[in-house]
Amino acid sequence: MPARTTRHTAEHPPEGFRSVALPGFPTRPVRVYLPTDYQPKYEYPLVVLFHGAGESEEEAVRLVPRLSRRNYVALCLRAPTNLGPRPDGRPAFAWGAGADRGARAALRHTTTEYSIHRDRVFLFGVGDGAAAALRFGLDLGDRVRGLVMIDGEPPAGRVPPTGLRVLLASGRANPAAAARLR
């Protein structure tokens, strides 16, 4: 008897990450995660991850399955500023202070290609990625339902709108937080 093969269609793609090269942003690949048993007729929440300075989208990729493998789609972004290779040879990137058209293009791609609830977008940023997530969230307005900022400083003069749920977290390893704890 011949071996059975499973064929995945666009209607029911397999769980896991997809690498996407966005037109107009060839140096800014993104990674999209689809959950276990992805159903194209269900509108999933979207979690957009912004890595810290000196990292890449691959750091966010390692985090996603640890959060959960079900019930959300994740978008892992690469920051626009190339810092060159790290001592271990991996590429390093950082977020600038300006608006991020690449992040907007990645969001547009993800909400077009996959079944996303457009009013259930959550942002998660670490370090300078936390400030980038806040700037991005302020630009998106009331489409953002929540924001997690880990070891990040909010940009001066930018205050999240009332009604936006924000979790600010910091640890003793963060020099700014450690100075405040003394």
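Predicted model: local features only at pLDDT ≥ 70, side-chain atom pairs only at ≥ 80, totals over all residues.
Helices (H or I, at least four residues) and strands (E, at least two) are DSSP runs, numbered from the N terminus. Residues are numbered from 1 along each chain as its sequence is written, and side-chain values use heavy atoms, with hydrogens and water left out.

Let's stay with H51 for a moment. Is H51 buried or exposed? Buried means under 20% relative accessible area, exposed means over 50%, and partly exposed is in between (1.4 Å probe, protein chains only). H51 has a relative accessible area of 4%, so it is buried. Contact means heavy atoms within 4.5 Å. Leaving aside neighbours within four places in sequence, the contacts of H51 include L77, A79, F93, W95 and D128.

L77 leads us to the inside of the model. A nonpolar core is a set of buried Ala, Val, Leu, Ile, Met, Phe, Trp, Tyr and Cys residues joined through side-chain atoms within 4.5 Å. The largest one here has 35 residues, and V48, F50, V73, L75, L77 and L123 touch the most other members. Among the elements that give two or more residues to this core are β1 (16–22), β2 (25–34), β7 (116–126) and β8 (144–150). Which element gives the largest share? That is α3, with six residues. There is also a second, separate core of ten residues, which includes V47, V64, A74 and C76.

So take a look at α3 itself. This helix has 13 residues and reaches 19 Å from its first C-alpha to its last, close to the 18 Å expected at 1.5 Å a residue (the expected span is 1.5 Å times one less than the number of residues). Ten of the 13 residues of α3 are buried, so the helix is largely enclosed by the rest of the structure. The cover over those buried residues includes β3, α2, β7 and β8. D139 also belongs to α3, but it counts as partly exposed because its relative accessibility is 39%. Just after the helix, G141 takes a positive phi of about 70°.

Finally, follow the charges. A salt bridge is a side-chain nitrogen of Lys or Arg within 4 Å of a carboxyl oxygen of Asp or Glu, and by this rule the count comes to eight. In one of them, the side chains of D100 and R28 meet at 3.0 Å, N to O. This pair links distant parts of the chain, with D100 in the loop between β6 (91–94) and α2, and R28 in strand β2, 72 residues apart. Both D100 and R28 are buried.

Another salt bridge joins E59 and R90 (3.1 Å, N to O). E59 lies in helix α1 and R90 in the loop between β5 (81–85) and β6, so the pair ties together parts that are 31 residues apart in sequence. Salt bridges that share partners join E55, E59, R62, R86, D88 and R90 into one network.
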